Amino acid sequence: MTLVTAGETMLRLSPVRERLSRVDRLDVHVGGAESNVAVAAAALGLDAAWLSALPETPLGKRIAHAVRGEGVTPHVTWTTDGRVGTYYFEPGSRPRGGTVHYDRTGTPIREVTPAELPTEPVTDASCLFTSGITPALSDRLADTTGQLLSRAREAGVRTAFDLNYRSKLWSPAEAREELTALFPVVDSLFISVSDARTVLGCEGDAGEIARALTARHGFETVVVTRGVDGALALEEDIHEQPAFETDTVDPVGSGDALVGGYLASRLQGGTVPEALEQGVATAALARTIPGDMAVLSPAEVERVRAGDDELDR
């Protein structure tokens, strides 16, 4: 079974125990929602690929090498102009919290069309995944996203989508209009309680949100993430999975790890409860690892699921 993801991946620059306004050195990581999902799924034994566009520069190659190094096959449209996207993540614990500053204008993926992407991996896959971040980047990319999802559906490929709202990219009203237009070609939706309320105007708890979205849009599966309360999935029946306790080193990418863990299990024949448990365990483990990508092993995820946190000697 093969998972193909499509979207932009960037370089993340983070200060080490300093404010950005005072920093004199930065840690570099590679991350993007869709490639993060592919990396998590690949780490758990799934055949995974990532579709994107990058400038043919040393920094563009840095991103492709990082994704390939985690076991994901990159299918990249290389361009002679444009730049890689970057973002600056300043970690922060309560009560301040972390902050993100994007610098991604002028990246090649914003202008890419389906004709310019190697789409054969999509039609040959078992599942195509993308997120709401991708259509937020430009009108052209929104159209490309819709065409990729439609092409997958026409080829009998399952489609999965994480709403993944980013307030720095667009307003709730803009996101609602654009994303609900994609829902008819989405089989499985991943969404946080917060995003469901902010973007889609949902009310009630996670179960009520899942039922309302299924009734309204006809999704096969809805997975609602609940932060410290874990996640819930609706596929015929409601299934709930509490969160696993974790000491957070780096929270970025944990939601993507949940999606990757869930999809890896489902595409390998797991039930919804099994996939939900694996997804939540993968997210918990990802929070202990620096960087956006879930660099982990199936054995480590199984230890989390078993509640085994003893020192590995």
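Which residue just after α11 takes a positive phi? Gly307 does, with a phi of about 75 degrees. The model is predicted: local features need pLDDT of at least 70, side-chain atom pairs count only at pLDDT 80 or more, and totals for chains, interfaces and linings use all residues. Residues are numbered from 1 along each chain as its sequence is written, and side-chain values use heavy atoms, leaving out hydrogens and water.

**Helix α11**

Helix α11 covers residues 298–306, and its buried residues are Val301, Val304 and Arg305. Buried means under 20% relative accessible area and exposed over 50%, with partly exposed in between (1.4 Å probe, protein chains only). Seen down the axis of α11, the buried residues fall within an arc of 100 degrees, so they line one face of the helix. The arc is that of the directions from the helix axis to the C-beta atoms. Ala299 and Ala306, on the other side of α11, are exposed. The buried residues of α11 pack against α10 (272–286), where contact means heavy atoms within 4.5 Å.

**The whole chain**

The chain has 11 helices and 13 strands. Helices (H or I, at least four residues) and strands (E, at least two) are DSSP runs, numbered from the N terminus.

| Feature of the chain | Value |
|---|---|
| Span of the C-alpha trace along its principal axes | about 50 × 50 × 35 Å |
| Buried share of the 313 residues | 55% |
| Share joining residues at least 24 apart, among contacts between residues at least 6 apart in sequence | 67% |
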